Amino acid sequence: IPVGAFGCELDINDYPKKARWRATNRETLSQVIEQSGAAITMRGIYVPPGKPVPEGERKLYLSIEADTERAVEQAKNEIKRIITEATLHVMEHEARAGGTGRYTVV
């Protein structure tokens with residue numbers, strides 16, 4: 001996996017659990033890495049809503065690095081698409097089940 005001069009961080013902590021899982025499972029990440037050529041690493045810890053972030057820690061995020069800015073953007077956009085799609089699916093499921101709709105797409 002290349003470690004390049006370009007990189008970004010994508011916060012995923014505040015998305016629904018199923019959306020986070022969908023965006024970070026091994027199969028999904030392997031496909032994004034293969035398509036984009038970027039290295040993707042999950043970092044930080046999950047911090048539940050309303051809880052403080054422990055000292056010395058950060059909320060859950062993905063670190064995306066590559067040799068080109070284009071590869072970083074491609075990986076970031078694909079992960080955003082996957083996590084947004086999964087969040088919408090969770091919201092639709094909750095709406096059909098009469099849930100409260102705790103999540104919003106940002």
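## Helix α2 against helix α3

The crossing of α2 and α3 is right-handed, in what is a predicted model. The two helices, α2 spanning residues 26-36 and α3 spanning residues 69-96, bring their axes within 9 Å of one another and cross at roughly 150°. Because angles over 145 degrees count as roughly antiparallel, α2 is described as roughly antiparallel to α3.

On the α2 side, the residues that make this contact are Thr28, Leu29, Val32, Gln35 and Ser36, while α3 contributes Ala71, Gln74, Ala75, Glu78, Ile79 and Ile82. Sorted by class, the contact of α2 with α3 comprises six nonpolar residues, four polar residues and one charged residue.

## Overall architecture

The chain contains three helices and three strands, and these elements follow one another along the sequence in the pattern β-α-α-β-β-α. Of the 106 residues in the chain, 35% count as buried, and the accessible surface comes to about 7,100 Å², with 50% of that area belonging to carbon and sulfur atoms.

Where contacts between residues at least 6 apart in sequence are considered, 64% of them join residues that are at least 24 apart.

## Helix α1 against helix α3

Helix α1, covering residues 17-24, also packs on α3, at an angle of about 150° and with the two axes 8 Å apart. That angle makes α1 roughly antiparallel to α3, and the crossing in which α1 passes α3 is right-handed.

The residues of α1 that take part are Lys18, Ala19, Arg20, Arg22 and Ala23, and they meet Ile79, Ile82, Ile83, Ala86, Thr87 and Val90 of α3. By class, the contact of α1 with α3 has seven nonpolar residues, one polar residue and three charged residues. Ile79 and Ile82 of α3 are listed in the contact with α1 and also in the contact with α2.

Ala86 lies in helix α3 and has a relative accessible area of 12%, so it is classed as buried. Once its neighbours within four places in sequence are set aside, Ala86 is in contact with Ala19 and Arg22; the C-alpha atoms of Ala86 and Trp21, which are 65 residues apart along the chain, are separated by 9.2 Å.

## Helix α1 against helix α2

The axes of α1 and α2 come within 5 Å and cross at roughly 50°, an angle that makes α1 oblique to α2. The contact is formed by Arg22, Ala23 and Thr24 of α1 together with Arg26, Thr28 and Leu29 of α2, and by class it has two nonpolar, two polar and two charged residues.

## Phe6 in strand β1

Phe6 is placed in strand β1, which runs over residues 6-11, and at 35% relative accessibility it counts as partly exposed. Leaving aside neighbours within four places in sequence, Phe6 is in contact with Ile64, Glu65, Ala66, Asp67, Thr68, Glu69 and Val72.

Pro49 and Asp14 are 35 residues apart in sequence and 7.4 Å apart in space, C-alpha to C-alpha, whereas Gly56 and Gly44 are 12 residues apart in sequence and 9.9 Å apart by the corresponding distance.

How values were computed:
Residues numbered from 1 in each chain as written. Predicted model: local features only at pLDDT ≥ 70, side-chain atom pairs only at ≥ 80, totals over all residues. Heavy atoms only, no water. Axes fitted to C-alpha atoms, helices over the stretch in contact; angles between N-to-C directions. Helix = DSSP H or I, 4+ residues; strand = E, 2+ residues; numbered from the N terminus. Parallel < 35°, antiparallel > 145°, perpendicular 65-115°, else oblique. Left-handed = near helix turned anticlockwise from the far one by under 90°. Contact = heavy atoms within 4.5 Å. Nonpolar A, V, L, I, M, F, W, Y, C, P; charged D, E, K, R; others polar. Buried < 20%, exposed > 50% of the residue type's maximum accessible area, 1.4 Å probe, protein only. Areas by Shrake-Rupley, 256 points an atom, 1.4 Å probe, with all protein chains shown as cover.
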